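Student: Could you walk me through this structure, as I am new to it?

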Amino acid sequence: GGSVTAVIFDDFFRKLRLKSLAKHGAGVVFWAIVATVWLLFQGQLAYSWWDSRGQGEGISKRDSLWFAYISTTTVGLGDYYLQPEGMFISDVFSWSLVFLAGFVFITTLLNKVTEIVNAHFPDATVLLKDRLASTNPWTSKVQKYKKLNKRGIRDIYELVEMMDDVDMDDVSRLKATHRKKEILLRLLALTQHELDVFSRHGEVPVSSYCTSEKLSTEEELLTNFLDFTRKIKDQLESKKSDTI
């Protein structure tokens, strides 16, 4: 529940152009505030409930906050609880929703804390796999391509997110588009080199991926792209010769 909530709210923050709240550090602070406010609300609600049912004798607001904490974190020590004899049917549903919401807020906070810990302290199992893979020349090359591909895809994702900003001026958008083109070209060259390595290693292309129709479409796209690039190059060279 916490991880799903974090993903949904991170996307919501990005759409509202509040991307800073989607970052790990700011996310921890935000969800810590949300969880704390909800625990305070829950404690006050419990205090009012006991008082309205005539069962609040000897229970302070501090005790109500303790009850809210142990109930939301599912510790449930049993020192404070909602007496069943004072419960109505509506209380069963309303308190279930209150506890569930508090549990989701706390698990979302813990999920954000886990993201920070994982970012600073990588999984030892993953590190061991990478070290073992690096001892095999063939696997080492595959891991190298994997890292380079991940880096290029991450750069593309960041550019696309940046270009989603409706207030972005045309000059910045044009620069970002050219940057995206450079990254895609680098990924294309990397992919071709990776295919060459597979071919030298003895891996033959799967026939379903290399049909004549698919290769023709690929050839047409690359030809059109190359033609456009040549036109831009000719225009630049023409302007350069005019200035001379």
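Tutor: We can go through the overall layout, the cores, some helices, the salt bridges and a surface patch.

Student: What should I know about the model and its numbering?

Tutor: This is a predicted model, in which local features need pLDDT of at least 70 and side-chain atom pairs count only at pLDDT 80 or more, while totals for chains, interfaces and linings use all residues. Residues are numbered from 1 along each chain as its sequence is written, and side-chain values use heavy atoms, with hydrogens and water left out.

Student: OK, how many helices and strands does the protein have?

Tutor: The protein has 8 helices and 0 strands, where helices (H or I, at least four residues) and strands (E, at least two) are DSSP runs numbered from the N terminus.

Student: And what share of the residues is buried?

Tutor: Of the 244 residues in the protein, 22% are buried, and buried means under 20% relative accessible area, with exposed over 50% and partly exposed in between (1.4 Å probe, protein chains only). The protein exposes about 17700 Å², of which carbon and sulfur atoms supply 63%; accessible areas come from the Shrake-Rupley method with a 1.4 Å probe, and for residues only the protein chains shown count as cover.

Student: Which residues make up the largest nonpolar core?

Tutor: The largest nonpolar core has 8 residues, namely Ala46, Trp49, Trp50, Ile59, Phe67, Leu82, Trp95 and Val98. A core here is a set of buried Ala, Val, Leu, Ile, Met, Phe, Trp, Tyr and Cys residues joined through side-chain atoms within 4.5 Å. Helices α2 (24-52) and α4 (89-120) each supply at least two residues of this core, and α2 gives the most, with 3 residues.

Student: What does Trp95 touch?

Tutor: Not counting residues up to four places away in sequence, Trp95 touches Gln42, Leu45, Ala46, Trp49, Leu82 and Met87, where contact means heavy atoms within 4.5 Å. There is also a second, separate core of 7 residues, which includes Ile156, Leu159, Ile183 and Leu187.

Student: Back to α2 for a moment: is Gly43 buried or exposed?

Tutor: Gly43, which lies in helix α2, is buried, because its relative accessible area is 2%. Leaving out residues up to four places away in sequence, Gly43 touches Ser64, Leu65 and Ala68. Gly43 and Asp63 are 20 residues apart in sequence, and their C-alpha atoms are 8.2 Å apart in space.

Student: Which residues of α3 are buried?

Tutor: The buried residues of α3 are Asp63, Ser64, Phe67, Ala68, Ile70 and Thr72. Helix α3 (residues 61-72) has 12 residues, so at 1.5 Å a residue it should span 16 Å, and its end C-alpha atoms are 16 Å apart, which agrees; the expected span is 1.5 Å times one less than the number of residues. Just after α3, Thr74 takes a positive phi of about 60°.

Student: Changing topic, how many salt bridges are there in the whole structure?

Tutor: A search of the whole structure finds 4 salt bridges, each being a side-chain nitrogen of Lys or Arg within 4 Å of a carboxyl oxygen of Asp or Glu. Arg154, Asp155 and Arg186 are linked in a network of salt bridges. In the pair of Asp155 and Arg154 the closest N and O atoms are 4.0 Å apart, whereas in the pair of Arg186 and Asp155 they are 3.7 Å apart. Arg186 lies in helix α7 (residues 170-200) and Asp155 in helix α6, so this pair ties together parts that are 31 residues apart in sequence.

Student: Why does Asp155 count as buried?

Tutor: Asp155 counts as buried because its relative accessibility is 16%, whereas Arg154, at 44%, counts as partly exposed. Asp155 is in contact with Arg179, Ile183 and Arg186, leaving aside neighbours within four places in sequence.

Student: What does Arg179 form a salt bridge with?

Tutor: Arg179 forms a salt bridge with Glu182, with the closest N and O atoms 3.7 Å apart. Both lie in helix α7, 3 residues apart, about one turn of the helix.

Student: Last one, which residues make the nonpolar surface patch?

Tutor: Val4, Ile8, Phe9, Phe12, Leu16 and Leu18 make a nonpolar surface patch of about 530 Å². Patches are made of residues with over 30% relative accessible area and no salt bridge, with like charges joined within 9 Å and nonpolar side chains (Val, Leu, Ile, Met, Phe, Trp, Tyr) within 5 Å. Leu16 sits in the loop between α1 (2-15) and α2, and Leu16 counts as partly exposed because its relative accessibility is 46%.
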